[in-house]
Amino acid sequence: MLQERWIGIDGVGSTLNGKPISVRDSCPLSQAVCYTSAPEVFEPEYSTGFRDLRKAVRWMLYNTDCYPYGLLACGAIDVVIERSLRPYRVAAAV
């Protein structure tokens, strides 16, 4: 649909639509952009850590599955945090 194809080969590198990509240079957490599916996926024992992370980053964006991993690979965002990414989340894309 978006006509975006990420390919990564160990030892060779990664591409987006045939062009080389890389993650962003590291930055302070206060400047980081983070993606997650939803705060509700974090069980109570993780809620404090998630709340602290949400307060620490510049932007916390929600409602995704595997797409942010592509964004991370091409340097569009800085952090992806998930509680339980399952095979069926990416199987349709594969």
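## Strand pairing and the sheet

Two strands are taken to pair if DSSP finds at least two bridges between them. In this predicted model, three strands form an open sheet of 3 strands in the order β1-β2-β3, and their pairing is antiparallel. Because β1 and β3 stand at the edges with a single partner strand each, one side of each has no neighbour in the sheet. On average, neighbouring strands of this sheet are turned by 35° against each other, direction ignored.

The antiparallel pairing of β2 with β3 runs over 3 bridges. Within this part of the sheet, threonine 15 has proline 20 in β3 as its bridge partner.

## Residues with positive phi

Asparagine 17 is located in the loop that links β2 (13–16) and β3 (19–21). Its phi is near 50°, a positive value in a residue other than glycine. Asparagine 17 counts as partly exposed, at 46% relative accessibility.

Glutamine 3 is likewise not a glycine, and has a positive phi of about 55°. This residue belongs to the segment before β1 (6–9). Glutamine 3 is exposed, its relative accessible area being 71%.

## Glutamate 40

Along the chain, glutamate 40 and leucine 72 are 32 residues apart, and a separation of 22 Å lies between their C-alpha atoms.

Methods
Residues are numbered from 1 along each chain as its sequence is written. This is a predicted model: local features need pLDDT of at least 70, side-chain atom pairs count only at pLDDT 80 or more; totals for chains, interfaces and linings use all residues. Side-chain values use heavy atoms; hydrogens and water are left out. Helices (H or I, at least four residues) and strands (E, at least two) are DSSP runs, numbered from the N terminus. Buried means under 20% relative accessible area, exposed over 50%, partly exposed in between (1.4 Å probe, protein chains only). Axes are lines fitted to C-alpha atoms, for helices over the stretch in contact, and angles run from 0 to 180 degrees between N-to-C directions.
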